Amino acid sequence: MTIARLYRSLAKAFPHEFKLAYGDDMLRDGEASIARIAQRRGFAGLLPLLADLVLRLPIEYLNEMRHDIPYAFRTLVKSPGYAAVGIVSMGLGIGLTTNLYSTAWSLLTRQLPAAQHASRLVTPEKPVSWYYIQQYRAEKNLFTGVAAVQTSVQFNVELDGARGTKPQRVFGQIVSPDYFSVLGIAPERGRMLSADDQKPGEAPVVISNRFWRSRLHADPDAIGQTIQINGQNATIIGVAPPRFDGALSPAPAEIFVPTTAPPAMVPELGNNVLQQRNAKAFAALMCLAPGVTIDQAEAALDGITRRLDKLDPMAPPETAGGKRVSLLAAGTRALIPRKVKPAILGFYFVLMAAVMAIACLNLATMLLARGANRRRELAIRLGVGASRFRLVRQMVSEGILLSLVGGAAGFALAYALWALYAHTQLPAGAPPNPDNSLDWHVVAFAFVLALLSGIGFSVLPAFSATKTDIATALKEGAVLRLSGHRCFGLRNVAMGAQVAGSLMLLLVTGFLVLGFMRGQSLHTNFNQKTMVLLAVDPVRDGYTAEKSRSFFEQLPERLRQSTEVRSFALAAQPPFPSTDDEDDHQLTAEASHIQSGAARQKVGAGYFSAISEPMLAGREFQQRDERIATDGSGMAAIPVILNEKAARALFGGGSAVGKRLRDDQHEYEVIGVVPTLKDAMGMTQAYAYLPLTQRDFVQPPPGGITIIARGHSAADALVGVRAALTAMDPNLTVFNVETLSEYVELTRAHLRTVLRIYGGIGLFGLILSAVGLAGITGYAVAQRTKEIGIRMALGAPKTQVLGLVLREGLALIAAGTVIGFLGAFTVAKMVSAITKEFADVFQIGTNDPRLLLGAPLLLAGLALLACYIPALRATKIDPLAALRQD
Amino acid sequence: MTNRIESYLPLKPQSFHILLSLAAGEQHGYGIMQDVLERTTGKVRLWPATLYGTIRRLMEAELIEESPRRPAPELDDARRRYYRLTPLGRRVLDAECARLQALVDAIHTKRRMVPE
């Protein structure tokens, strides 16, 4: 009868002690009950009987463990060295993993806080125009709502009452009034923006909880207060729930300004951005209708977008194939294309797993060594009738206790890292750090991690230790072990794996750090401190189109006259940008039909001489190019300058100058080739440089026209430019004034924090494995005390003893190094194969001899040191004392 | 001593039933199970794992102990372990009964005060 069999096997699963006392009675009573109940009430009546067993099982185990834990505690107190190694290892491992989990991992995976619709949010990868968003909004069967968003917008905010003080630079988002209802966010205080806020010209704003607490000191009367945004009055109507820092961007937003606000307050909304069908200024935040999958939505949206594009006379002709729209899930803080999501998550997972594996291997090898040392104690306990399972449980309890204490230490470490991160001073003007405060998710994560690794990595050593031939163990004594040398014993494998694992970790993090750092040092052919960047937008200052055009025509002449300004250029954005994506624009070589992507940058006359880049071929833009290319319409070809990377992709080795190119809108003529420049993030892209046009002067881009000027020093250049501008119009607003080094610093501030984390991980991995190796070698020496004593008594010199201990360690280190090397390259290649961002970085890192030689040498050196200290102790063994032992 | 007894109160229902069954004399596990079933007219069934788990806890608390005395040979099931109350167990049981009695009295008084 199956029920009876099930009952018996469940009853057998009870703890050994319990079974000894009550097992037989329980079996008999159960069987008697089964027969009776089955007769009277059938099988359904037996369910409570089985449920009773299942429910009591964990209770009885916990009861037994109650004795195990204090016992384990006493054992650990008696061997503090062992406990210290275990706790330090687990603490470092869990601390780092928890830190990674609470930062990168949660940015990638945790849903937006307080947003009820988080799981249904999607966004197209590319920005779209307001007109398209309105069309998308009409698709009620696809989306319950579509909001328009501009992320990471800077505002100058003056709080009421503090007028006259310096305005604070605050990062925020420009959102359509339905933003919060699309997200499903309810106000913490006041109200959120709603459809009633559609009246243009009014400026109700919502502030984030962080803004409310840090800048308004959690003022209960904040609702209704007036603040100045870019010099205009705005009213605070609500406070967003805690931890909500805006969607679609990991950079926290502190203020949410509606798209109905006047352009005077929000210059980004100027130039009739909302009316222009082609002004792709917004990210669309969409909430899928129930039952619609992201794939269905993507397919449908692709069709709709094609239709819209076709109706638009200005839009590119419908080219064959290719997706117009690809959707991203938008429910998390950091957005990643669905294609590469597994790779990125996998990378972080491997990183976390590697850290944890090294820590756990430490614990496992220590437990193994300890098990070997406790052979005699274990043999005695087995001899007097303890069950093997009971001993295993005892040893596992020790492992759990160690890892739990280590987990607590690890959480403290994670907290310290977080505090360090939160209080890192960022350069003024950089967006604030995301709020990654540790919450109960992280506590639970650390706890479960500690518990699982404690159990997981002590079971095997425990079984290995209790697999003992009692009789020989009792005869041999505790420490002398004469088992044959095994190449692939558990201990050797564990130690080799540890060296391999930590070298792998060190190399991979080293690749990342070096790759980023190398890219970080922006190479320019001039002193970066002599360049100043500033922006002007005469149209925003009330100029008419004609006046603006003539302003920009006269400006170069004025600047040339300035004695302080040595060289200058105009551009549509600061130099070395890292925002454009080469995949967005396809160019086709007219003769060969070779197609290749190139990012775009609009630069004015004399740009390349201003940044001291030589022309590899052809000439650079002159002021007449700016006049020729008005709209491109009617003109034969727009002059374009390619960088080397783009030229090579499109024309191979041949000369590019004079060749024709086209995209889906215009025809171009290559007039020059420049070297491939690295952007501020260290990436290189294929670039097509286009000239500034009259249209740019009449309708400057959102950030204004950037004036790039160099002088004897940045301050000099600034004085010169300001003087020239003042002479033309004293009332003109000059903004975003910064030196090139400040600008570069700003774009890299976050990168540096990330680098510090990666560097820390590699370093901690190194410390971890050194601690583990020292521990294990120490045990090996302790185990061989008697043998070493005999050798020394027979006249072995100290060097021979030293060599004996070191030789074993060396072999393992060598094997581990080789495996670690191969592993690191495999990981680097795999990740590079999938994502472009990592590929560039690894490309630099994997070619750096400092790392390729340095990392293994560093690790081997540390490992040798870790073996050397116990080996040195071995030479100090007093032969007499060793022989007298036992 | 009173304090020590108080610390056991109130007893969990299973513990109370087991102590009550042992009040009459020593008994083995299965006997206790049957006794409780009869006394409560089938309403309370102590399933084996709960029964022996509770017995273990009562033994650890020294409220019951294993009895060396066996019943008359013709009734004896030699393979089974018999349990009986310790003096402490008996006092705890008395105290719990008194507590429950007081509760019942209180209910009666309340009923009389509030006519139905």
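Biologist: What share of the 116 residues in chain B is made up of buried residues?

Modeller: Buried residues make up 28% of them; a residue is buried if 20 or more other C-beta atoms, placed from the backbone, lie within 10 Å of its own, exposed if 12 or fewer, and partly exposed in between. This is a predicted model, in which local features need pLDDT of at least 70 and side-chain atom pairs count only at pLDDT 80 or more, while totals for chains, interfaces and linings use all residues. Residues are numbered from 1 along each chain as its sequence is written, and chains are lettered from A and ligands numbered from 1 in the order in which they are written.

Biologist: Which pattern does chain B follow along the sequence?

Modeller: The pattern is α-α-β-α-α-β-β-α, with 5 helices and 3 strands. Helices (H or I, at least four residues) and strands (E, at least two) are DSSP runs, numbered from the N terminus.

Biologist: How many residues does each chain give to the contact?

Modeller: Chain B gives 13 residues and chain A gives 16 residues. Two residues are in contact if their C-beta atoms, placed from the backbone, lie within 7 Å.

Biologist: Which element has the largest share on the chain B side that touches chain A?

Modeller: H4(B) does, with 7 residues.

Biologist: Turning to the cores, how many residues has the largest nonpolar core?

Modeller: It has 99 residues, and A:Met504 and A:Leu507 are among those with the most contacts inside it. Helix H9 (residues 341-373) of chain A provides the largest share of this core, 18 residues. A nonpolar core is a set of buried Ala, Val, Leu, Ile, Met, Phe, Trp, Tyr and Cys residues joined through C-beta atoms within 7 Å. Another core, of 71 residues, lies apart from it and includes A:Val146 and A:Leu269.

Biologist: What is A:Met504 in contact with, leaving aside neighbours within four places in sequence?

Modeller: A:Met504 is in contact with A:Ala354, A:Gly820, A:Gly823, A:Ala824 and A:Val827.

Biologist: And helix H25 of chain A, how far apart are its end C-alpha atoms?

Modeller: They are 37 Å apart, which agrees with the 39 Å that its 27 residues (849-875) should span at 1.5 Å a residue; the expected span is 1.5 Å times one less than the number of residues. Buried residues in H25(A) include A:Leu851, A:Leu859 and A:Cys867.

Biologist: Where in chain A is the pLDDT below 50?

Modeller: Over residues 478-484, a stretch with 13 contacts beyond near neighbours in sequence. Chain A averages a pLDDT of 79, pLDDT being the predictor's confidence in each residue, from 0 to 100.
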